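Visitor: Could you take me through some of the strand pairings and the burial here, one question at a time?

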Amino acid sequence: MRAIGPTLTSFGVTNALPDPTLDLHDSNGTRIAFNDDWKDNQESEIAATLLAPSNDLESAIVGTLAPGSYTAIVRGFNNTTGNALVEVFALD
């Protein structure tokens, strides 16, 4: 899963979120993962997917999830605002 912001400007998206954070919660609302800048944690795991964000300020989380409902929350670092894209990938 990744939260893309700054990269969107190269695709003509205006007001892109400059520094997105990604927060993953289970169906009970319990936080199960958090990432600010994708290289902060799980860098090698994220890079190995070949889906690492192209901007170091973007966020990503890699993990195995049991079937169920989850909520991904994207916020701007320091309460910044803007447009972002959340992507979820199934990796084999």
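Visitor: Which residue in β3 is the bridge partner of L24?

Guide: This is a predicted model, in which local features need pLDDT of at least 70, side-chain atom pairs count only at pLDDT 80 or more, and totals for chains, interfaces and linings use all residues. Residues are numbered from 1 along each chain as its sequence is written, and side-chain values use heavy atoms, with hydrogens and water left out. Strands are DSSP runs of E of at least two residues, numbered from the N terminus, and two of them pair if DSSP finds at least two bridges between them. β2 is joined to strand β3 (residues 31-35) by four bridges in an antiparallel arrangement, and within β3 the partner of L24 is A33.

Visitor: Which residue in β5 stands opposite H25?

Guide: Strand β5 (residues 70-76) and β2 run antiparallel and are paired over seven bridges. In β5, the residue opposite H25 is T71.

Visitor: How many of the residues of strand β2 are buried?

Guide: Buried means under 20% relative accessible area, with a 1.4 Å probe and protein chains only. In a regular strand the side chains alternate between the two faces of the sheet. In β2, P20, L22, L24 and D26 on one side are buried, as are T21, D23 and H25 on the other. For strand β2 (residues 20-26), the buried count is seven of seven.

Visitor: Which strands stand at the edges of the open sheet of three strands?

Guide: The order of this sheet is β4-β1-β6, with antiparallel pairing. Each edge strand has a single partner, so one side of it is left without a neighbour in the sheet; these strands are β4 (59-60) and β6 (85-87).

Key:
Buried means under 20% relative accessible area, exposed over 50%, partly exposed in between (1.4 Å probe, protein chains only).
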